Amino acid sequence: PTAPTLQEKLTRMITLYVALLDTFDRSDEYVRIWLRAPHPDLGNRTPISCLEEGHLDVVESLVRAMESGQPS
């Protein structure tokens, strides 16, 4: 989509995806598995469900914590 109102969110989603690829050794398959796996820091919800509900910031925070090696 090229709508200006969507550009910031799309940029954040792309940045999130690249961070996940870096975290999971460039494996798209592992990223897809992680997105669909319930996570305790998300109340046992899946990251993809949080993204679908518009909670990009929560998933971004979780990925930043993973990148920095913070325990869950």
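Student: Why are H1 and H4 called roughly parallel to each other?
Tutor: Set the angle against the cut-off. The axes of H1 and H4 cross at roughly 30 degrees. Angles under 35 degrees count as roughly parallel, over 145 as roughly antiparallel, 65 to 115 as roughly perpendicular and the rest as oblique. So H1 and H4 are roughly parallel. Their axes come within 10 Å.

Student: What kind of model is this?
Tutor: It is a predicted model, where local features need pLDDT of at least 70 and side-chain atom pairs count only at pLDDT 80 or more, while totals for chains, interfaces and linings use all residues. Residues are numbered from 1 along each chain as its sequence is written, and side-chain values use heavy atoms, with hydrogens and water left out.

Student: What makes a stretch a helix, and what is an axis?
Tutor: Helices are DSSP runs of H or I with at least four residues, numbered from the N terminus. An axis is a line fitted to C-alpha atoms, for helices over the stretch in contact, and angles run from 0 to 180 degrees between N-to-C directions.

Student: Which hand does the crossing of H1 and H4 have?
Tutor: The crossing of H1 and H4 is left-handed. That word applies if the near helix is turned anticlockwise from the far one by less than a right angle; clockwise gives right-handed.

Student: How do you know which residues in H1 and H4 meet?
Tutor: Contact means heavy atoms within 4.5 Å. On the H1 side the residues are Lys9, Arg12, Met13, Leu16, Ala19, Leu20 and Thr23. In H4 they are Leu56, Asp57, Val59, Glu60, Val63, Met66 and Glu67. By class, this contact of H1 with H4 has 8 nonpolar, 1 polar and 5 charged residues. Ala, Val, Leu, Ile, Met, Phe, Trp, Tyr, Cys and Pro count as nonpolar, Asp, Glu, Lys and Arg as charged, and the others, Gly among them, as polar.

Student: Why are H1 and H2 called roughly perpendicular to each other?
Tutor: H1 and H2 pack at an angle of about 110 degrees, with their axes 9 Å apart. That angle falls in the perpendicular range, so H1 and H2 are roughly perpendicular. H1 passes H2 in a right-handed crossing. Tyr17, Leu20 and Leu21 in H1 meet Asp28, Val31, Trp34 and Leu35 in H2. The contact of H1 with H2 has 6 nonpolar, no polar and 1 charged residues.

Student: What makes a set of residues a nonpolar core?
Tutor: The members are buried Ala, Val, Leu, Ile, Met, Phe, Trp, Tyr and Cys residues, joined through side-chain atoms within 4.5 Å. The largest nonpolar core here has 15 residues. Leu16, Leu20, Trp34, Val59 and Val63 touch the most other members. Helices H1 (4–23), H2 (28–36), H3 (47–52) and H4 (56–68) each give two or more residues to this core. Val59 touches Leu16, Trp34, Pro47, Cys50 and Leu51, not counting residues up to four places away in sequence.

Student: Why might such side chains be buried together?
Tutor: Nonpolar side chains tend to be buried together in soluble globular proteins.

Student: Why is Thr46 called buried?
Tutor: Buried means under 20% relative accessible area, exposed over 50%, and partly exposed in between (1.4 Å probe, protein chains only). Thr46 has 16%, so Thr46 is buried. Thr46 is in the loop between H2 and H3. Neighbours within four places in sequence aside, Thr46 is in contact with Leu35, Arg36, Ala37 and Pro38.

Student: What makes Glu53 partly exposed?
Tutor: Its relative accessibility is 49%, so Glu53 lands in the in-between class. Glu53 sits in the loop between H3 and H4.

Student: How do you know that Glu52 is exposed?
Tutor: Glu52 has a relative accessible area of 65%, so Glu52 counts as exposed. Glu52 is in helix H3.

Student: Why do Asp25 and Arg26 count as exposed?
Tutor: Asp25 is exposed because its relative accessibility is 68%. Arg26 is exposed because its value is 54%. Asp25 lies in the loop between H1 and H2, and Arg26 is also found there.

Student: What is the phi of Asp25 and of Arg26?
Tutor: Asp25 has a positive phi of about 50 degrees, although it is not a glycine. Arg26 has a positive phi of about 65 degrees and is not a glycine either.
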